[in-house]
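My entries follow in the order in which I made them.

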Amino acid sequence: MPFLPDRGGPASRRPVAALRSGLSTRTAASRHGNCNKTVTFRSTERFETVDRLLPRLQRVATTEFEAVPAVAGDATARAGTIVMKFGGTSVGDPEKLKDVAARIVAAHAEGTRVVAVLSAMGDTTDELVRLAYEISPRPEPRELDMLISVGERISCALAAMAIHDLGDEAISLTGSQAGIVTDTVHGKAKIVDVRARRIHEALDQDKVVLVAGFQGVSTSLDITTLGRGGSDTTAVALAAALAASHCEIYTDVAGVFSADPRIVPNARKLHAVSYDEMLELSASGAKVLQLRSVEVARNYGVKLHVRSTFSDDDGTWVTEEDERMLEKAIISGVAHTFDEAVYRVQSVDRADLFAALAEAGVNVDTIIQTGDEIVFSAPLGDRDDAQAALERASANCDYIEGLAKVSLIGAGMKSHPGIAARTFATLREIGVDARFIVTSPIKISFFVERGDAERTVLALHEAFELASTASEREHV
Ligand code: ADP
Ligand code: ASP
Ligand code: MG
């Protein structure tokens, strides 16, 4: 049995996974449909037609997140361990990498056992992916993982050199050397175990340990990657396995904001966010934390501190919900994403459809059913897999392009009526039409035309006064 140090985490309140694979988040659907043998897979810009066929507001549903498997291996908890993760911009050039090395050395000087997880420098991963597609229109997934796992290794080796120059001992490890064991799904593998013996040995020798993020070794001994933004998950899984006091996520913004600060200039930095809110924010497009990393953090009670690499200021704590969170802020944030595709499927057996999608590893998100029509969304990156799965399920399908998803999230929504009313009044004022609306107790999501996404986010941020300090939360 994999061993996990007891962190007193919220294991007893873990959600039950509805489907074992594929669905990372979902909302409930209703009735049953009939089978249809015709496969039409056409792209359409005429989503207005689709929309008119659907009622404006669907039933309230609870978002469930996938259960997380045990992540720890033969680790034994040691006091004073800290896991620090630095994102791509933070290590974007040699000077920044040296600054990160200095920060790691400073933490080590405080007597801490330091494990640092690094991302690839700047746009390295994008460039490697581009390179692969210059060579092949459909790169072999195993080889693509071999290629794109390299970026993180470069960062770690360079950081180890810089740390040596500062007088500390350091060792860089690939995900595989660090004992990150995953399933066999290339491109979006899930960590199934962390065998941290080698990390412990190095820490016991007073070395700083640098672990290449975003990657692991599969149970069939191939190199895998964990999906974009996956270094966050490496860091959180290591923090869980090593029983670190918390996990520091260093990034290019000062914390988790009430909206993407690049879109909403007066977005407010949140002092504290509950795991549930952060799950919804990440699932809705706030890419500051990879969704999977929040799932692991919640399941193992790992406190996250999201903060700037470029300052010493406190950032945002992601932790258990507490009373103050509920009292002080009804809405914590507005998120948006351009990365979801919407499918409209008719006359297909629901069980067959979602089984086929799950089997193909498609992460289905929103699901709405009216009559014998099902609308669901899934990441754009899963489109080829989704198309193949729909063909296998003999589904008659429209692929709806040109939409963005906007979500309003807040734990206080549970106890405050009128949020939907204010949301849709705001949309009416700015003349934006919401499509495929779904809600959970702490979220309202809907799709808008792509070109309307940013002004919708700005208008909702304004309407709910999210820039105001009145709803500031204290650190927990
Ligand atoms: P890293 O390279 O450090 O992993 P990412 O680019 O993955 O950083 O995530 C940080 C980015 O997330 C920010 O630059 C910001 O534009 C974006 N972002 C989106 N929504 C939010 C939000 N609500 N709060 C903070 N950042 C957000
Ligand atoms: N380098 C990977 C990416 O760009 C992983 C990460 O940064 O977390 O997605
Ligand atoms: Mg990231």
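I began with β11 (residues 215-218) and β12, which run antiparallel and are joined by three bridges. Within this pair I found Gln-215 opposite Thr-225 of β12. The model is a predicted one, and I read it as such.

I then traced the sheet around them. It is open, has four strands in the order β9-β8-β11-β12, and its pairing is mixed. I noted β9 (191-194) and β12 (223-225) at the edges; each has a single partner strand, so one side of each lacks a neighbour in the sheet.

Next I turned to the eight-stranded sheet. It is open too, with mixed pairing, and I read its order as β7-β10-β6-β5-β13-β15-β16-β14. Which strands stand at its edges? They are β7 (170-173) and β14 (272-274); each pairs with a single strand, so one side of each is left without a neighbour in the sheet.

β13 (residues 247-251) and β15 (residues 304-308) pair in the parallel sense over five bridges. Ile-249 stands opposite Val-306 in β15. I also logged helix α5 (residues 150-165), which lies across β6 (113-118), β7 and β10 (208-212) and runs at about 165° to β10.

I moved on to the helix pair. α8 (residues 275-283) and α9 (residues 291-300) pack at about 165°, with their axes 9 Å apart. They are therefore roughly antiparallel to each other. I recorded the crossing of α8 past α9 as left-handed. From α8, the contact uses Tyr-275, Met-278, Leu-279, Ser-282 and Ala-283. From α9, Leu-291, Val-294, Glu-295, Ala-297 and Arg-298 take part. I sorted the residues of this contact by class: seven nonpolar, one polar and two charged.

Last, I checked the ligands. Ligand 1 has 19 residues around it, and Gly-87, Thr-251, Asp-260, Ala-286 and Val-288 come nearest. Its shell has seven nonpolar, eight polar and four charged residues. For ligand 2 I listed 13 residues, of which Ser-119, Thr-125, Phe-214, Arg-228 and Ser-231 come nearest. How does the shell around ligand 2 divide by class, and how many residues are polar? I found nine polar, two nonpolar and two charged.

Definitions and conventions:
Residues numbered from 1 in each chain as written. Chains lettered and ligands numbered in written order. Predicted model: local features only at pLDDT ≥ 70, side-chain atom pairs only at ≥ 80, totals over all residues. Pairing = 2+ DSSP bridges. Helix = DSSP H or I, 4+ residues; strand = E, 2+ residues; numbered from the N terminus. Contact = placed C-beta atoms within 7 Å. Axes fitted to C-alpha atoms, helices over the stretch in contact; angles between N-to-C directions. Near = placed C-beta within 6 Å. Nonpolar A, V, L, I, M, F, W, Y, C, P; charged D, E, K, R; others polar. Parallel < 35°, antiparallel > 145°, perpendicular 65-115°, else oblique. Left-handed = near helix turned anticlockwise from the far one by under 90°.
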